[in-house]
Every structure is written in structure tokens, then in C-alpha cells.
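Student: I have a model open and want to go through it. Can you take my questions in order?

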Amino acid sequence: MPLPVLLLWGAAAALGATGIVKGTKAKKQIDQAREIGERAERRHRQATEATDAARTQTQETLEALGRLKVHVFTHHIKHLVEALKKGRSRLGGFEVHLDEHQLREYEGLVLSSLELERGLGSGALGGALAAMGAYGAVGTLATASTGAAISGLSGVAATNATLAWLGGGALSAGGLGMTGGMITLAGIALGPALAIGGFMMASKAEEAMTEAQAYKARVAEAVGELEKAQIGLAAIRTHAAEATTVIERLAQVFDQIKVDDDRDPAAFARMVMVGRALKEALEIRLMGEDGGAIDGVSARYSGLMEVVGSEVRS
Amino acid sequence: MTSGKAILSTLPKTLPAVPLNTVGSSLHLLVTAYQDYQRIAEEQKTKRAAIAAWERVRTEELRQQRTLLETYFTGVFEERRHVIEGFFATLDRAIDSGNDALLTQSISGILAVARQSPLAEAAQLLEAMRNPNVNVIDV
């Protein structure tokens, strides 16, 4: 047999053996790539579930704050309005006073809150309560006093993307393109010869590994953003707890010093002063109504929500 | 039983007419597949190195932001709690003593703190973090 032919056969055999070995290793590499993808997917799902839990908790905290605001309106502010109406003629003589316009405004807000309170049992006002907790109570109640049906108040929440997000459905764990389980042997066809097929498989395995690493990196970023959002949501809850304390303490002070009429002008003036402060505390805003960058919580209707700089895909 | 010589005698004495071409084209296919694999493996390795570097940088960036936010929120809410408690203590004293001026001051103080938004300030902090011209962020 001529020497060149033997050499060629030898080289082909050696390279062919390498191809077969590569093909065997490729299978292992693809399995590794799939494992990387699936691990990343599990990590993303866990982070999404944790964010969802934080979101639900935040919504409940805001609703509780909203409920407290309604209660204060229907009891403390109502008492203030009734006492002011009794002493209306002499209001101007006090250091702290309210003019007729303000008194009418207070009265309207109390009436709206009473109506809202009556609807609380229906359970359909969660959105409105969260809106009251999140922004000033006055804005929400003013919507009602302009003729909007109380049942439509939940719509106030829906117009704010942040609140809509908080009260919306569960986050989707998808949204990152491919998922870990999608890394398969699909598309890999064995070549005409096992050796050539081995090299092709090895090439595909390299690409699959890169794809898995890219997916893992995207998940790492998404998880980082979700964890940041959780910190933002926790801050909203802490702020809500602080607002709750302020309102409750001022309400206690109001109860302590309240009088029914203006027979004691100094005591009456003191009650008006604390009552006004209480009403201002009811207007503490935890976020902006427009869902914009106000108060660090912004949102967009595109499905992306931002809580203190974290983008969360809903 | 067939002897070894007999077997050898059955083998062709000469190679087929086009063996060299056949071997050559097979080898060519193998070499091409091998070269493609080498090129792809190298490209993918470079891509993975870039992805890993990006992931490290981005993960670290997000970790720093989270640390900053946690430190900031823990500190700011604690400070606000102390200040608000202080004002409420003053408010209680004002009521007990009938001091209306002190009552006004303490109420103003409580509302001033309550109106400030720590979340807005946190957003500014993150903005400062992204600004390459800001070298120091005080928390």
C-alpha cells in the first residue's frame, strides 16, 4: 500500500477518534448547560415568589393604613366638624381657625369617609383603601365628594400603576426569554459520520453552555433587581407603619383634649389645632398619585414597575 | 478449516481505482468539522468570559445598591422614629402644662418629619450612585 495513503488513513482515524470522544463529552456538557439553566430558573422563581409575598404584604399594610384614615375621618374629624359648626360664629376669634370654605371641605370629606366606611364590609374597596394609605386621604375622598360613586373609588388605585402593580396579579417568573429547560439537544443532527457528528455536537454543546451562562447572568441581574425591589417594598411598609404611629398618637392626643363646644375657648382652640394636625397627618403621602418618580416610587404601564430604582417585570 | 494464507489470497491485490480521493474527501470533511469546532469553541469561550465579567460587575453593582439602600433605610427610619418620639414627648408635656406655644412647635415638628419622604431621598441616593461625577455618598 502506498505510504501517502496509509498516512491519510492514519490521520483520518486519529481525527475521527477525537471527534467521537468530543461527541461523548458534548453530551455531558449539554447536560451541564441544562443544569445551569434550570438552577437559574429555580433561583428566579424563588426571588419572584419572595417579591410577590412582599408585594401582597405591602398592599395589606397600605389597606390597613387606609382603613385607619377612614376611621379617623369618621370619628375624630367628624367630631371636630360638629364642634366647629357649633362654634362657627366665633371661629375667627381663635388663634387657630378654619374659614367657612375649609369647614365645608372638612364636612364633605367626613361625609365621603362615612360612605366609604359603610362600604368596607363589601370587601370591594381594597384598592381605594390602599390608595388612601398610599397618598393623602383627602385626594381619594375628594374624588368621592365630586360625585364619583364610592364603589368606583377602587378605580383611583387602578389609575396609579404602582398601586395597580401592588394590587395586581402574581408576578410571572418568565419574561427572561428562554428558560433553563429549553437547553436541549434540539437542532443537533448527527453528521454523516460519527466523528463529524461528534465535532458538530461539541460545537453545539459549546453554544448551549454559552446560552446557559447568558441566561444565568440575566437571572442574576433580575434577581438582584427583585431583591432591591423587596427592600423598597419593605421601606414602604416601614413608612406606612410610621404614618400609622403618627396618626394613632395624634388621634389619642385629640381624644385626650377634645371638647364638644367652644365654651372654653382655649380648650376649643387647642382641639382645633390638634384636629388640623391630625387632618394633615391623614394627607401624608407614601407615593405619588401619578406613579411617576415622586417619592422614589415610579411605575410605567408597560409592565415594568420601578420601586426605588428596581425594575420588576410584571 | 480455512488457513491464513487462504484468507490473504482472497484480499484484493491492488487498491480500488479511486481510494486516494475517497480518503481525501473523508479527511477533508473531518478537518473542516474539526476546524469549525475549534473556531466555535474559541468564540464561545470568549463570549462566556465576557458574560461572566458582565455578571460579576452587574451583580456587584446591584449588591452595592442593596447595601446602600438597607443602610440608608435602617438609619433614616431609626432617626425619624427617635425624632418623632421626641416631639410626641414634648407634645405630652405641652398638654400637661397647657403650653400652647410648645404644642404648636411639637405638632409642626412631627408633621415636618412625617412629610419628608425617605423613599424620595433613596431614589436620589441611587441616582447619585449612577452619576460618575459623584465620588462620595453620605448615608
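Student: What share of the 139 residues of chain B count as buried?

Tutor: For chain B the share is 32%, buried being under 20% relative accessible area with a 1.4 Å probe and protein chains only. This is a predicted model, where local features need pLDDT of at least 70, side-chain atom pairs count only at pLDDT 80 or more, and totals for chains, interfaces and linings use all residues. Residues are numbered from 1 along each chain as its sequence is written, chains are lettered from A in the order in which they are written, and side-chain values use heavy atoms, without hydrogens and water.

Student: How many helices and strands does chain B have?

Tutor: Four helices and zero strands, helices being DSSP runs of H or I with at least four residues and strands runs of E with at least two.

Student: Now the interface. How many residues does each chain give to the contact?

Tutor: Chain A gives 57 residues and chain B gives 52, with contact meaning heavy atoms within 4.5 Å.

Student: And how many salt bridges cross the interface of chain A and chain B?

Tutor: The rule finds nine; it asks for a side-chain nitrogen of Lys or Arg within 4 Å of a carboxyl oxygen of Asp or Glu. One salt bridge joins B:Arg58 and A:Glu225, with 2.8 Å between the closest N and O atoms.

Student: Which elements of chain A give two or more residues to the side that touches chain B?

Tutor: They are helix H1 (3–86), helix H7 (194–257) and helix H8 (265–281). H7(A) supplies the largest share, 33 residues.

Terms used:
Buried < 20%, exposed > 50% of the residue type's maximum accessible area, 1.4 Å probe, protein only.
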